[in-house]
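Please have the model open beside them and follow along residue by residue.

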Amino acid sequence: MTEDSPQEPTAAGPAGQSASAGRSGNLSGRSAASAPVPVPVPVSAPAPRPARARWNNAALGLAGLGVFLALVEAVPRLGVVPPEYLPPTSSIAAALAGEMADAAFWTALGDTLTGWALGLLIATAAGIGVGIVIVTVPYLRDITATTIEFLRPIPSVALIPLAVLLYGTDLRSTLLLVVYAAFWQVLVQVLYGVRDIDPVAEETARSYGLGTWARIRYLLWPTALPYVMTGIRLAAAVALVLAITAELVIGTPGLGARIAVAQASHAVPDMYALVAVTGLLGVLINLGARAVERRSLAWHQSVRGEAAV
């Protein structure tokens, strides 16, 4: 074949391009035909609203309480436990109605709440103030760490002889025990909260030249507030326990002293009725503390996540 003879078109020519295009079209057609068809995913049912979830939890709690009360009613009537040691629920309810009709009961309740509220207020203010001073003064935290770890585990009931020696059966004896027990709950939470400060935010505040009070207001307090609210909630429960303990052991006026009188006079149903009142107080205090915590931390992600569940 000479150089002047015509050559057959190669794949680079127009025919080759059209053939390649045809094969590409067939391949793309087969690929499109064999591509998986998206399957619609079933949408799950929406989560129940927070209010409905809270009502469900409350209903379950009331159901559990009803079962417990029924059990307390049945156990002494079946002879499992003598009624002299555990009266049935109906006898306790009757004794509670009698207590509520007595003006002395409401006076004792007011005395208990007074000691609880004053002690909690003093402990909260002192715990927050001392905690802020410790974390803002250089080296003070290291200096006081050993002292705090030594004093914190001392039980408040160990101070009962000192309280009686100093104040007798006065309200100040109750306040001494309540403040000492609740103070550590708040202080420790403040110290833990300050540890959670973002180092980047702290360096930013330092680079902008924020003063001590500005750092406390805009950096330390918003970071430590969730911990502080947790400490106050824990301190509220501990304060109630110590208030009733002081009344029961020392004899300061309140529900604890009334429980001791009922026990000494063998008024067992009245004693159980007063114990039930203290338990109800604890539930109400915890619910109130949680409500205040949610309202104060409405901006915090933990509260928003809790409301979304």
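1. Let's start with Arg258, which is partly exposed at a relative accessible area of 21%. The terms work like this: buried is under 20% relative accessible area, exposed is over 50%, and partly exposed is in between, judged with a 1.4 Å probe and protein chains only. The side chain of Arg258 meets that of Glu99 in a salt bridge, at 2.8 Å from N to O. A salt bridge here is a side-chain nitrogen of Lys or Arg within 4 Å of a carboxyl oxygen of Asp or Glu.

2. Before going further, a word on what you are looking at. This is a predicted model, in which local features need pLDDT of at least 70 and side-chain atom pairs count only at pLDDT 80 or more, while totals for chains, interfaces and linings use all residues. Residues are numbered from 1 along each chain as its sequence is written, and side-chain values use heavy atoms, with hydrogens and water left out.

3. Glu149 is partly exposed at 46% relative accessibility, and Arg152 is partly exposed at 35%. Another is formed by Asp170 and Arg172, whose closest N and O atoms are 3.0 Å apart. Asp170 has a relative accessible area of 35% and Arg172 one of 46%, and salt bridges that share partners join Glu99, Asp102 and Arg258 into one network.

4. For the overall fold, please check that your view shows 12 helices and 0 strands in the protein chain. From the N terminus on, the elements run α-α-α-α-α-α-α-α-α-α-α-α. Helices (H or I, at least four residues) and strands (E, at least two) are DSSP runs, numbered from the N terminus. Of the 309 residues in the chain, 31% are buried.

5. Now to the largest pocket, with a volume of about 710 Å³. On a 1 Å grid over the protein atoms alone, a pocket is an open set of points where a 1.4 Å probe fits, with protein on both sides within 12 Å along at least five of seven lines; its lining residues have an atom within 4 Å of a point. Points are joined across faces, edges and corners, and the volume is the space filled by probe spheres set on them.

6. What lines the largest pocket? There are 23 lining residues, and Leu69, Leu96, Ala276, Val277 and Leu280 lie nearest the centre. Two or more residues each come from helix H2 (50–77), helix H3 (89–100), helix H4 (103–136) and helix H11 (268–296). H11 gives the most, with 10 residues. By class, the lining has 21 nonpolar, 2 polar and no charged residues. In this scheme Ala, Val, Leu, Ile, Met, Phe, Trp, Tyr, Cys and Pro are nonpolar, Asp, Glu, Lys and Arg are charged, and the others, Gly among them, are polar.

7. On the surface, take a look at Leu62, Leu65, Phe68 and Leu69, a nonpolar patch with about 400 Å² of accessible area together. Such a patch takes residues with over 30% relative accessible area and no salt bridge, nonpolar side chains (Val, Leu, Ile, Met, Phe, Trp, Tyr) being joined within 5 Å. Areas come from the Shrake-Rupley method with a 1.4 Å probe. Leu65 belongs to helix H2 and is partly exposed, at 45% relative accessible area.

8. Tyr139 has phi near 70 degrees, a positive value in a residue other than glycine; Tyr139 sits in the loop between H4 and helix H5 (140–151) and is exposed at 68%. His266 is not a glycine either, yet has a positive phi of about 60 degrees. The loop between H10 and H11 holds His266, which is exposed, with a relative accessible area of 68%.

Terms used
Patches are made of residues with over 30% relative accessible area and no salt bridge: like charges are joined within 9 Å, nonpolar side chains (Val, Leu, Ile, Met, Phe, Trp, Tyr) within 5 Å.
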